[in-house]
Every structure is written in C-alpha cells, then in structure tokens.
Amino acid sequence: PLSLVTTGLTHDSANNIIGVLMRSTDDGHTWSRLPATGIGFGELQLTPDKTVRFLSWGGLNTSNDFGATWTQIKLPEGKPGRTLDVRWNTGIMAGNFGQVAMSSDHGATWTQITLSEENAHFTSALLVSDKVGYVAGTESRLYNTTDGGRTWSRQQLPVACEILAMTRSGNRIWAVGAK
C-alpha cells in the first residue's frame, strides 16, 4: 500500500491556529494524526532519495521512513521558513521576514544568508542545478544564486507581480502569481 502524508492548519479549542500532520498507510482510506510539529507553512518536498521535508514556524521537519517518524531542526535565527528545495547536496530555503538559508550537506545543517530586504516575504524556492537556484515572492522579488546559495542577486522582472510558486519542466522554469 501507498504511504501518504499531508500538512495543514486547524484551530484548537481556544481557537488558536495549530499545525496538523496526518499520515495514511493504506492508500488514503484511513488517516492518523501524528504528533504536533508546529504551524506548517510549506508544502511537502520529496527528494529522489525518498526523504520528505516540510517547514513549520522556526523548524524544518524531516522523515526518512515515509512519515512514520520525524526529526526537527531549528531554522537559523528562528525565522519562519515557507519554501525549500533540496537536490544533490545543495539546499535552499526561504520564507517570511527575509528568511533565506542554504545547505551544502543535503539539508542536514543550514546557514542563514542575509539579504538587504529584511521584510521580504518569499513563497517559492527552486534549484535547477547544484549551483543555480531561485527564490521568489511578494512585491516582484526574484533572487538568483550561482554558487549554491552562498550569495544572491536580485533580478528585475519585466512586470510587477507576486510570484507564488515556481516549478521546472525540462529546461524551462514556470512561475505563477498575481499582478
């Protein structure tokens, strides 16, 4: 049977927003709630080595057994991550309040990268090689790296827009958002 995992948000009895992590081991017919991992912001990421990751407020959650068990590491400076991409040995992460971090050990440890825009809100991260990647977000923010996330350069977009998500297909990068 197929193992499935989903993250989301719900309200507790005091109407506080809390994160929810659910897992199914029978192709989605039944679901069990896993222990709390904080408020989940980002989508689940599955890498070719079958590692599953998702970000929660101030933490990166990782599972190597199809979601049965999870480990959490604290994000650099405790800033909220929202999106990440880990490929090869390289990882890039971005989020709210200017959160940008890089990893050169397949996501085991992360180093905070300081950008000039501390109030930037990033919604998507994408690696196209072990050296080249992008982070994008609100207020026409698009940054790229050519050294695995160590340094970043802001790119000028042809029109002002919010970039909400990016993906790759073949040798093209696709982005969606709002103008």
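## A strand pairing and its sheet

Met93 sits opposite Ala101 of β10. This is a predicted model, so keep that in mind as you look around. The pairing belongs to the stretch where strand β9, residues 90-95, runs antiparallel to strand β10, residues 100-103, with four bridges joining the two.

Zoom out and you get an open sheet of four strands, ordered β8-β9-β10-β11 and paired in antiparallel fashion. At its edges stand β8 (81-87) and β11 (111-112); each has a single partner strand, so one side of each is left without a neighbour in the sheet.

## The other four-stranded sheet

Another open sheet has four strands in the order β4-β5-β6-β7, again with antiparallel pairing. Here the edge strands are β4 (45-46) and β7 (71-74), and each of them pairs on one side only.

If you want to find the β4 end, look for the two bridges that join β4 to β5 (residues 52-56), with the strands running antiparallel. Leu46 has Val52 in β5 as its bridge partner. Leu46 and Val52 both turn up again in the lining of the second largest pocket.

## Two loop residues with positive phi

Most residues other than glycine have a negative phi. Trp88 is not a glycine, yet its phi is positive, at about 55 degrees. You'll find Trp88 in the loop between β8 and β9. Its relative accessibility is 46%, so Trp88 counts as partly exposed.

Phe97 is the other case: its phi is positive too, near 60 degrees, and it is a residue other than glycine. Phe97 is in the loop between β9 and β10. With a relative accessible area of 41%, Phe97 is also partly exposed.

In soluble globular proteins, nonpolar side chains tend to be buried together. In this model, the largest nonpolar core has 13 residues, and the ones with the most contacts inside it are Ile92, Val100, Leu115, Phe122, Val135, Tyr143 and Trp152. The elements giving two or more residues to this core are β9, β10 and β12. Strand β12 provides the largest share, three residues.

There is also a second, separate core of eight residues, among them Leu55, Val86, Ala101 and Trp110.

## Aromatic pairs

A search of the whole structure turns up two aromatic pairs. In one, the ring centres of Phe54 and Trp70 are 5.3 Å apart and the planes are at 75 degrees, so the pair is edge-to-face. Phe54 is in strand β5, while Trp70 is in the loop between β6 (59-63) and β7, so the pair ties together parts 16 residues apart in sequence. Phe54 and Trp70 are both buried.

The other pair is Phe122 with Tyr143: the ring centres are 5.8 Å apart and the planes at 80 degrees, so this pair is edge-to-face as well. It links distant parts of the chain, with Phe122 in strand β12 and Tyr143 in strand β14 (residues 142-145), 21 residues apart. Phe122 is buried, at 0% relative accessible area, and Tyr143 is buried too, at 4%.

The largest pocket has a volume of about 250 Å³. Its lining is made of 17 residues, and Glu43, Leu84, Asp85, Ala125 and Met166 lie nearest its centre. The elements that give two or more residues to this lining are β4, β8, β12 (122-127) and β16 (162-169). The largest share, five residues, comes from β16. Sorted by class, the lining has eight nonpolar, five polar and four charged residues.

The second largest pocket holds about 170 Å³ of space. Around it are Ser3, Leu4, Val5, Leu44, Leu46, Lys50, Val52, Phe66 and Gly67. By class, that lining comes to six nonpolar, two polar and one charged.

Conventions: Residues are numbered from 1 along each chain as its sequence is written. This is a predicted model: local features need pLDDT of at least 70, side-chain atom pairs count only at pLDDT 80 or more; totals for chains, interfaces and linings use all residues. Side-chain values use heavy atoms; hydrogens and water are left out. Two strands pair if DSSP finds at least two bridges between them. On a 1 Å grid over the protein atoms alone, a cavity is a set of points where a 1.4 Å probe fits but cannot get out, and a pocket is an open set with protein on both sides within 12 Å along at least five of seven lines; lining residues have an atom within 4 Å of a point. Grid points are joined across faces, edges and corners, and a volume is the space filled by probe spheres set on the points. Ala, Val, Leu, Ile, Met, Phe, Trp, Tyr, Cys and Pro count as nonpolar, Asp, Glu, Lys and Arg as charged, and the others, Gly among them, as polar. A nonpolar core is a set of buried Ala, Val, Leu, Ile, Met, Phe, Trp, Tyr and Cys residues joined through side-chain atoms within 4.5 Å. Buried means under 20% relative accessible area, exposed over 50%, partly exposed in between (1.4 Å probe, protein chains only). Rings of Phe, Tyr and Trp (its six-membered ring) pair if their centres lie within 6.5 Å; planes under 30 degrees apart count as stacked, over 60 as edge-to-face and the rest as tilted.
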